[in-house]
Amino acid sequence: MLALGAWLVLQDQLTAGAMIAASILLGRALAPIEQLIGGWSVVARARSGWASLKTLLAATPLSDPKTKLNRPEARLDVKGLAVMPPTGGKPIIQQVSFAVSPGQALGIIGESASGKSTIGRVLTGLWLPSAGSVCLDGATLHQFSEIDLASYVGYLPQEVALFDGTIAENIARLQTDKTSEAVIAAAEKAGAHDMILGLPAGYDTVIGAVGTPLSGGQKQRIGLARALYGDPVVLVLDEPNANLDAPGSAALNAAIQQIKARGGIVIVMAHRPAAISECDLLLMMKQGRVADFGPRDDVLRKNVRNHAHVAPAREVS
């Protein structure tokens with residue numbers, strides 16, 4: 001543009017000022033084209049990502065609709081369970097077997113990285129077993145649809161994550177057909193009703209990334225209410241009293257008692273003895289395998305006796 005303008009100036013067909021003005025106007029006119037060329041790499045990456053997504057979706061077809069089973073009874077049977085980590089490598093747990101009957105609570109204890117949380121993820125259907133089976137009332141978990149299984153199994157993870165929304169929406173798991181009665185009933189069972197009423201807007205208090213900040217104990221109680229929503233058949237609790245004070249622990253034990261009284265099953269993964277006070281059975285894990293299983297008092301008495309037997313020997317030596 002400048003070369004053409006200079007040539008026209010030398011030919012006395014254009015003034016120098018007109019040349020500068022023309023170059024500015026043409027530069028403004030070509031700016032959208034320059035921006036399009038500069039952003040073409042983004043367009044190319046978007047097309048590549050879209051093609052990869054289509055390939056992935058084509059390789060993962062939609063699952064066929066499953067026959068809706070009746071609401072199962074609280075009978076949980078785990079046989080020869082083995083789980084590989086999603087990234088591959090050594091199995092996290094191997095040959096884990098146990099059974100829990102209606103009205104019973106099972107405590108799973110063990111050292112860190114012994115496989116306690118992995119069992120909880122498998123029982124909720126989050127992880128698939130590499131070997132063995134997990135049956136609820138005689139049916140393996142994959143025979144239930146994801147929506148049905150979510151209503152039959154309540155889960156309180158070790159680290160509670162809440163969604164952006166109201167407390168009522170979090171307790172109801174963001175379900176659009178939630179009822180106020182069911183939300184309040186779940187909060188009362190978790191001992192969180194009075195705590196929620198003390199918040200600025202009660203059940204309509206907005207929480208999450210931009211909402212009202214909550215303490216660890218408050219999150220734990222709301223997470224417990226979310227797990228109890230809809231009266232699940234099986235309740236899985238991973239370190240449920242990690243952030244609870246004394247009243248919160250009492251409310252937790254009361255919730256476990258209520259579920260046992262109505263014939264449900266409770267699975268508790270814990271380090272603290274207070275968390276297994278309501279458990280009837282105890283499963284001790286060690287390095288991904290079952291170290292002991294049986295009635296709670298028998299397992300505790302056996303392991304405490306062994307520990308007490310070893311301790312004096314070290315003092316003598």
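**Exploring a predicted model**

User: Is D204 buried or exposed in this predicted model?
Analyst: Let's start with where D204 sits: in the loop between helix 8 (193-197) and strand 8 (206-207). Its relative accessible area is 54%, and the cut-off for exposed is over 50%. D204 is therefore exposed.

User: How far apart in space are D204 and I184?
Analyst: Along the sequence, D204 and I184 are 20 residues apart. In space, going from C-alpha to C-alpha, the distance between D204 and I184 is 12 Å.

User: Are helix 9 and helix 10 roughly parallel or roughly antiparallel to each other?
Analyst: Good one! Two packed helices are described by the angle and the distance between their axes. Here the axes of helix 9 (residues 216-228) and helix 10 (residues 246-261) come within 11 Å and cross at roughly 10°. Angles under 35 degrees count as roughly parallel, so helix 9 and helix 10 are roughly parallel.

User: Which residues line the largest cavity?
Analyst: Rolling a probe the size of a water molecule over the atoms shows where empty space is left. The structure holds one cavity of 30 Å³ or more, and the largest cavity has a volume of about 30 Å³. Its lining has six nonpolar residues, with no polar and no charged ones. The lining residues are L76, L123, L136, L141, V153 and V234.

How values were computed
Residues numbered from 1 in each chain as written. Predicted model: local features only at pLDDT ≥ 70, side-chain atom pairs only at ≥ 80, totals over all residues. Heavy atoms only, no water. Axes fitted to C-alpha atoms, helices over the stretch in contact; angles between N-to-C directions. Helix = DSSP H or I, 4+ residues; strand = E, 2+ residues; numbered from the N terminus. Parallel < 35°, antiparallel > 145°, perpendicular 65-115°, else oblique. 1 Å grid on protein atoms, 1.4 Å probe; cavity = no way out; pocket = protein on both sides within 12 Å on 5 of 7 lines; lining within 4 Å. Points joined across faces, edges and corners; volume = space filled by probe spheres on them. Nonpolar A, V, L, I, M, F, W, Y, C, P; charged D, E, K, R; others polar. Buried < 20%, exposed > 50% of the residue type's maximum accessible area, 1.4 Å probe, protein only.
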